Amino acid sequence: MHYFEVGTMRFPVIGLVERENGNRVPVLEIDMLSDERWQQLAEESAAKNFREWNGQDPESPQEALEGQRAYMENLQEEDDQGSRALPPGDEGKWAGVDTGKIFENLVHLAVKNGITVRFCPLRASYARIKGDRIALNERLDTIEEFNYNLAHELAHSYLHRGKGNITPGAIDEETLAQYEEQADRGARMLLDALAVRRKGGAA
């Protein structure tokens, strides 16, 4: 059995599909979470964050979730963090793909890694990541843009976790540009792999 590694995650490769340009893309077996398990992981992550922020346990899972929701809403008050709209040339590549399921898989991947995803009315960015929290701008126009920006922020989490504050102004422009390019490439790779899976590319 061959495996495909994405950060610290390893997925079984269950097939290969040849694209129009001749490149061969691996088809991955990605387990799906039940709604109940998803909710459990979200509550555990919220409780962990509540303890870190307040130095005590929440009185209930609801209190932890409400505290985390308020934190995510406050992200809109902070400076821009560099995700972007759908890259030029990608607008038509999702024909025949269940993009809603791709979004679901991306969220499940985030939750399995202890990352909370929320929709927020961000004023100056398409998406943001801070620690184990990702905010997506609720005003994005298409599901493809939601997918791309979530994949972009997940790539930041895999590639740049532990590198400190990577927001504009906190690091030099050259390093920031490198990080953004790396996250772009990681996002495209992840989306391509999920698109092949959703098209039924497995043998």
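Q: What makes the span of α4 close to the expected one in this predicted model?
A: Helix α4 has 18 residues, and its first and last C-alpha atoms are 25 Å apart. At 1.5 Å a residue, 26 Å is expected.

Q: Why is α4 described as largely enclosed by the rest of the structure?
A: A residue is buried when its relative accessible area is under 20%. In α4, 14 of the 18 residues are buried, so the helix is largely enclosed.

Q: Where does α4 lie, and what follows just after it?
A: Helix α4 lies across β4, β5 and β6, and runs at about 155 degrees to β6. Just after α4 comes G162, with a positive phi of about 90 degrees.

Q: How do you know that β4 and β6 pair?
A: Two strands pair if there are at least two bridges between them. Strand β4, residues 116-120, has five bridges with β6, in the parallel sense. These strands therefore count as paired. Within β6, A135 is the residue opposite R118.

Q: What makes β5 and β6 a pair, and in which sense do they run?
A: There are four bridges between β5 and β6, and the sense is antiparallel. The cut-off is at least two bridges, so the two strands pair. A127 has L136 in β6 as its bridge partner. The hairpin of β5 and β6 has two residues between the strands, and G131 in this hairpin takes a positive phi near 65 degrees.

Q: Why are β4 and β5 called edge strands?
A: The open sheet has three strands in the order β4-β6-β5, with mixed pairing. Strands β4 and β5 each pair on one side only, and they are the edge strands. On average, neighbouring strands of the sheet are turned by 20 degrees against each other, direction ignored.

Q: What makes β6 a mostly covered strand?
A: Five of the five residues of β6 are buried. R133, A135 and N137 point one way from the strand, while I134 and L136 point the other way, and all are buried.

Q: Which residues have the most contacts inside the largest nonpolar core, and which elements build it?
A: This core has 30 residues, and those with the most contacts inside it are I102, L106, I134, L136, L150, L154 and L190. Two or more residues each come from α3 (99-112), β5 (127-130), β6 (133-137), α4 (143-160) and α5 (173-198). Helix α3 gives the largest share, seven residues.

Q: What does L190 touch, leaving out residues up to four places away in sequence?
A: L190 touches L106, L109, A151 and L154.

Q: How do you know that K101 and E104 form a salt bridge?
A: The cut-off is a side-chain nitrogen of Lys or Arg within 4 Å of a carboxyl oxygen of Asp or Glu. For K101 and E104 the N to O distance is 3.3 Å, so the pair qualifies. Both residues lie in helix α3, three residues apart, or about one turn of the helix.

Q: Why do K101 and E104 count as partly exposed?
A: Partly exposed lies between buried, under 20%, and exposed, over 50%. K101 has 31% relative accessibility, so it counts as partly exposed. E104 has 24%, so it also counts as partly exposed.

Q: Why is the contact of E181 with R185 called a salt bridge?
A: The closest N and O atoms of E181 and R185 are 3.3 Å apart, which is within 4 Å, so the term applies. The two are four residues apart in helix α5, about one helical turn. Residues three or four places apart in an α-helix point the same way, because there are 3.6 residues a turn.

Q: Are E181 and R185 exposed or partly exposed?
A: E181, at 43%, is partly exposed. R185, at 58%, is over the 50% limit and therefore counts as exposed.

Q: What makes D57 and R51 a salt bridge?
A: Their side chains meet at 3.4 Å, N to O, which is within 4 Å, so the pair qualifies. R51 is partly exposed at 38%. The count of salt bridges comes to four.

Q: Why is P58 called buried?
A: Its relative accessible area is 18%, which is under 20%, so P58 is buried. P58 is in the loop between α1 (35-54) and α2 (61-74). Leaving aside neighbours within four places in sequence, P58 is in contact with A47, F50, R51, E63 and A64.

Conventions
Residues numbered from 1 in each chain as written. Predicted model: local features only at pLDDT ≥ 70, side-chain atom pairs only at ≥ 80, totals over all residues. Heavy atoms only, no water. Core = buried A, V, L, I, M, F, W, Y, C linked by side-chain atoms within 4.5 Å. Buried < 20%, exposed > 50% of the residue type's maximum accessible area, 1.4 Å probe, protein only. Contact = heavy atoms within 4.5 Å. Axes fitted to C-alpha atoms, helices over the stretch in contact; angles between N-to-C directions. Expected span 1.5 Å × (residues − 1).
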